[in-house]
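Visitor: Please take a close look at one part of this model, the places where chains meet, and follow it wherever the elements involved lead. I would like the criteria spelled out as each term comes up.

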Amino acid sequence: MKKKVLATLLAAAMTAGVLAGCGGDTAQTPAAETPAAETPAAETPATEEAPATEEAPEAAAPAADDAIANLIAATTGPVAMTVWASEEDQDLTTKLLDQFKALYPDVTFEITLGAESESTAKDTVLTDVESAADVYAFADDQINDLVQAGALQEVVANYTYDVAASNVAGAVEAAGVDGKLYAYPMTADNGYFMFYDASVFTADDVKSLEKMIEVADAAGKKVAMCVSDGWYIYSFFQGAGLQLSLNDDGSNTCTWNAAGGTDVAQAIIDLAANDAFVDMTDEEMATQIAEGNVVACVNGTWRAETAQQAWGDNYAATKLPTFKVAGKDCQMSSYSGYKLIGVNPHSKNLGWAMLLAEYLTNEESQKARFEARGLGPANNAAAASPEVQSNPAIAALAEQAAYATPQRVGGKYWDPAKTLGQILASGNPDGTDLQQLLDTTVEGITAPIE
Amino acid sequence: MKKTIKSVIRHLVLLFLSVVWLIPILWLFVTSFSGYKGINTSHFFPETWTLDNYAQLFLRPDSIVQYPRWFWNTFVIAAFSCIISTILVLMVSYTMSKTRFPGRKGLMSFSIILNMFPGVLSMIAIYFILKTMGLTNSHLGMIIVYSAGAGLGYLICKGFMDTISTSLSEAAKLEGASQATIFFRIIIPLSKPIIVYTVINAFLAPWADFVFAKLMLNSGVATDWTVAIGLFNMLGKSMINKYFSVFCAGGVIIAIPISALFVIMQKFYVEGITGGSVKG
Amino acid sequence: MKNALNAIGKCFKDLGTAFTKGDIWVKLSAVVMGAGYFARKQVINGIIMCLVEVLFVVLCVGYAAPNLAKFGTLGTVQFEQVFDPLTMTSTVNDYDNSFLILLNSIISLFIIFVFVVFYISNMKTVYRLQLRQENGQHINTFGEDVRTMFNEKFHITLLTLPAIGIIIMNILPILVLIAVAFTNYDQQHMPPNALFTWVGWNNFKNLFTSSVTVTFGYSFRKILVWTLEWAVLATFTTYIGGILMAKFINDKRTKLPKLWRTLFIIAIAVPQFVTLLLVRNFFADAGIVNTFCSNIGLTDFLKNIGLVPANLSYIPFLTNPGWAKVMIVIINIWIGIPYQMLVATGVLMNIPEDQIESARIDGANPMQIFVKITMPYMLFVTGPSLITDFVKNINNFNVIYLLTQDVFVTSDQLLANSNAKEIDLLVTWLFRLTNEYYNYKMASVIGIIVFIICAAFTLVTFTRTIKGDKEEEFQ
């Protein structure tokens with residue numbers, strides 16, 4: 001298998017392989033330090049974007065194979081590594097690790113598998129980068145912080161498959177910072193969309209949020225969304241055409257308080273005023289879906305199982321609906337999300353860690369992950385398979401993709417946005433002027449990084 | 001007649017209060033037998049009863065739930081740290097209570113203030129100090145975390161020793177006993193209640209702490225954890241709906257030995273703490 | 001304070017005397033620490049002192065000097081790593097880790113300080129030995145010296161080990177914390193990848209000023225007020241509640257007091273983090289209590305009288321600032337009272353019966369007896385521990401964190417802009433600043449303030465207890 005796939009050695013990237021923070025003088029590392037000249041193979045034109053698998057130029061493959069052979073030869077003792085995968089991914093990862101070990105029979109591996117949720121990986125890694133796992137999974141919104149803290153090894157070369165070419169463009173973009181690739185895309189399903197119970201809603205109902213609320217109200221059921229959360233409230237403001245983006249220094253630019261902002265805020269207040277529209281957290285939704293109270297919710301693939309169990313054949317998913325802003329229908333936007341695998345630059349077995357990260361994210365592994373857990377692959381070939389295409393949650397994500405944007409936002413965004421959501425969802429109890437409310441939020445979001 | 005009514009009311013009030021106090025504990029107990037793994041929000045009692053949660057804890061350890069290992073880890077850490085803590089506390093208490101040396105009162109004020117400093121504040125520094133010694137992710141490191149600073153918590157124990165009459169030690173001194181002999185032969189045997197109090201407190205700390213444990217045992221490997229981290233982890237965002245009743249079962253299991261300890265030691269506990277706090 | 005200064009003054013005076021009046025051996029001891037002992041035939045003591053000195057020099061050269069040299073800048077060499085795709089390995093430069101430099105420098109300074117104290121006391125001892133020899137007094141053999149460690153100097157023997165533990169676990173971390181408050185150690189400056197450096201009083205200024213974007217000043221004031229309110233409420237409710245409950249259960253008219261007591265103790269035998277996490281789910285917005293309240297119509301009733309916002313279909317027990325504060329206090333009463341009851345039970349048993357009897361004969365009713373006799377006695381006995389409880393409540397991390405983490409969302413925008421919440425105590429705010437936002441510099445500043453507040457409360461109460469002669473009362 002390994003022989004077939006392409007390995008592109010990004011020789012040009014080697015000089016850029018300096019892993020450092022934002023320090024200006026670090027870029028001046030003398031080129032002599034990089035041993036590029038040592039082997040002619042490294043001179044392979046690297047910038048070419050070769051497609052994956054069979055069409056691979058045979059010339060490039062030996063370089064990667066050489067590197068791996070070198071690595072095997074240079075490995076004397078047992079290779080001890082720690083891998084962190086989420087709690088739900090433990091069984092699958094154990095299996096993949098065994099397969100990985102079998103690929104290199106000459107090497108003794110001592111791989112420890114730890115449980116660390118993708119959504120909280122950053123918290124554990126950043127506390128002490130040096131003792132974090134060698135290879136770990138994380139959600140793409142953490143990539144800026146992780147890169148800044150030097151917790152991700154830049155992917156300067158591929159050995160068993162071409163990461164950039166074989167994954168969907170959005171995932172590759174999400175795995176990079178400033179045009180450099182820092183992680184290996186694992187899934188492309190970490191965004192959100194609408195789940196609904198088809199016995200309550202028709203396919204027409206779910207096109208508009210107002211209609212959905214009306215139908216749910218008539219049925220005495222609820223539509224749920226976690227409004228008091230920066231991740232979800234984004235969908236309203238972005239959907240109405242207001243901007244939020246990340247600056248180079250890690251601060252944010254935000255225009256939510258510009259013209260039209262108050263209309264969006266009012267729209268959210270109006271939505272939340274409906275008894276049939278509830279603001280609740282993901283965990284609560286899980287219980288409420290199971291109890292039959294919630295018949296539609298804005299959530300992600302991780303809730304698919306719960307919804308499927310509760311609604312059976314009526315389980316359905318689609319893109320987010322429209323909502324009314326000042327009498328006009330606006331399509332709700334969303335964050336597209338990816339789960340990535342990163343390699344810790346402080347790893348003692350950097351080479352093996354990179355090979356393992358590649359293995360855990362290659363086409364077969366992504367397929368296996370879909371089969372085991374229904375997670376949407378980021379790999380083009382795996383995503384193209386008919387089983388994946390026919391999965392309702394993944395189809396809904398694909399539908400939503402046109403309105404989704406990658407998550408590029410600085411750390412100052414979350415708390416102010418969450419509080420804005422909380423105030424709007426509870427109907428602005430203090431009666432603060434909406435413009436002033438948004439102004440304060442924007443001040444918080446755009447606060448300079450000191 | 002009036003007396004009987006008053007007595008009935010008195011006991012009804014007590015009954016009401018104990019129900020209030022025990023309802024959450026009862027919920028913990030019954031939920032631990034629930035066939036539904038998530039949180040049941042509409043029924044107090046589970047709809048289906050099962051022992052499966054306990055079976056999962058003990059018979060089917062996986063990479064997230066390693067209850068027997070957690071229990072053992074916590075027990076080892078608790079046992080050693082309670083021995084070390086108790087020894088340290090006794091040493092300091094005796095010195096402060098029964099010996100006189102220049103600077104004693106200054107030292108006491110200093111250590112009382114130091115003891116007011118909450119550990120949460122200096123966690124990160126402690127972590128890196130232990131990391132330079134290579135003690136993170138190890139039982140030894142945890143034992144040090146829980147017991148090294150124990151000497152500061154001498155106040156109640158010292159108060160108790162203050163109440164031990166000096167006549168005995170005076171008599172012993174006249175017969176030529178050294179301070180060490182007095183410490184080992186006279187004061188320690190007389191301090192039984194406060195020793196029990198100190199032992200229980202030190203033994204319980206590792207069972208309840210998740211903040212330090214989570215920071216120190218950061219390998220992500222479930223077999224390294226203590227009960228507290230393990231259980232805390234079960235209520236994480238992605239876990240709670242599959243592990244809530246398992247969490248309850250785990251809670252019940254640790255509550256059993258601790259309750260037993262409490263009930264048996266109640267007498268010593270009361271004697272110890274009041275003997276000590278008489279002097280504060 | 002004055003005493004301390006006097007002591008230091010005397011210390012240096014003694015050192016001066018030793019230098020001027022000491023013989024050649026004493027003077028030689030200033031260079032070779034064991035010299036004075038060799039001269040008085042205390043060979044083992046001499047060897048130990050020399051070893052200590054050698055060890056100190058080795059530590060200074062090998063450990064303290066390189067770190068202290070960088071202490072002024074906290075390092076200048078940025079972390080750099082070069083990856084070679086062909087060998088699949090990377091090379092790392094010899095970079096500076098600001099945090100380790102800071103930590104090691106503080107440890108070094110501490111070792112130097114301890115050595116200086118040790119050195120001075122050594123000079124004094126050597127001089128004393130000379131005097132003893134001149135006066136023809138007995139000079140201890142090594143064995144005799146060891147024996148004094150178990151008798152006259154037993155306190156030194158006993159305190160050594162606890163002191164080492166306390167230095168590692170308490171003193172060094174506090175010193176590090178204080179130092180970090182004067183640096184820019186935050187997420188933008190996190191070792192090993194980035195360096196941080198000294199910034200003087202900047203962080204303190206930020207905490208006490210409030211601008212549009214820096215709302216730390218606002219949050220600090222608000223949280224400080226709530227912290228103190230909470231500490232007072234939590235301490236007194238559980239204290240009074242515990243005494244009342246103990247009185248009630250221990251009353252002669254109560255049957256089976258032991259059974260009742262045990263029932264309440266069961267509630268605290270389950271570890272706090274389990275009960276608190278459980279209770280959080282118990283009172284969740286879509287939790288079982290809410291289901292119950294809405295079934296019996298309580299939710300609608302509270303809505304009608306305006307206690308629950310009109311647009312909610314549940315009671316926001318732990319999600320609305322007002323409700324959450326009340327609930328936190330109530331839940332704290334729930335876990336706190338059984339402890340206080342245990343303590344109070346013991347104290348009440350020792351209450352002088354004759355006083356109560358005579359009061360009763362004088363015609364005092366139970367209420368008067370409670371207010372005039374029981375409470376003053378309880379306060380007298382448990383006063384100091386009341387203050388300890390108060391300070392512990394200022395730092396009551398568990399209750400607030402476990403009940404509200406991931407559940408409570410602040411609706412105060414200015415608080416949100418500095419990552420704070422209405423129900424935060426200073427410690428929980430600080431914990432989240434470090435744990436979620438890596439804002440170590442601000443957390444350290446807040447930590448120092450918390451420490452000062454707690455120390456002030458403690459000093460006021462305990463100096464009285466320690467300085468007074470109450471200690472000898474029972475002996």
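**The interfaces and what lies behind them**

Guide: Asp251(C) forms a salt bridge with Arg10(B), with 3.8 Å between the closest N and O atoms; the term requires a side-chain nitrogen of Lys or Arg within 4 Å of a carboxyl oxygen of Asp or Glu. This is a predicted model, in which local features need pLDDT of at least 70 and side-chain atom pairs count only at pLDDT 80 or more, while totals for chains, interfaces and linings use all residues. Residues are numbered from 1 along each chain as its sequence is written, chains are lettered from A and ligands numbered from 1 in the order in which they are written, and side-chain values use heavy atoms, with hydrogens and water left out.

Between chain C and chain B the count is 1 salt bridge, and 6 residue pairs are in polar contact there, both residues being at pLDDT 80 or more. A polar contact is a pair of N or O atoms within 3.5 Å; within protein, one must be able to donate a hydrogen and the other to accept it, and residues adjacent in sequence count only if both atoms are side-chain atoms. On the side of chain C that touches chain B, the largest share, 18 residues, comes from helix α7 (residues 154-180) of chain C; helices (H or I, at least four residues) and strands (E, at least two) are DSSP runs numbered from the N terminus. That side of chain C divides into 65 nonpolar, 20 polar and 8 charged residues, where Ala, Val, Leu, Ile, Met, Phe, Trp, Tyr, Cys and Pro count as nonpolar, Asp, Glu, Lys and Arg as charged, and the others, Gly among them, as polar.

Chain C contributes 93 residues to the contact and chain B 101, contact meaning heavy atoms within 4.5 Å. Together they bury about 8,800 Å², 79% of it on carbon and sulfur atoms; buried area is the accessible area (1.4 Å probe) that two parts lose on being put together, summed over both.

Chain A and chain B bury about 1,800 Å² between them, 47% of it on carbon and sulfur atoms, and their contact takes 22 residues from chain A and 24 from chain B. Here the rule finds 2 salt bridges, including the one in which the side chains of Glu130(A) and Lys131(B) meet at 3.0 Å, N to O. There are 9 residue pairs in polar contact between chain A and chain B, both residues at pLDDT 80 or more. On the side of chain A that touches chain B, β1 (79-85), β2 (109-115), α4 (121-127) and α11 (282-291) of chain A each supply at least two residues, and the largest share, 6 residues, comes from α11(A). That side of chain A comprises 5 nonpolar, 10 polar and 7 charged residues.
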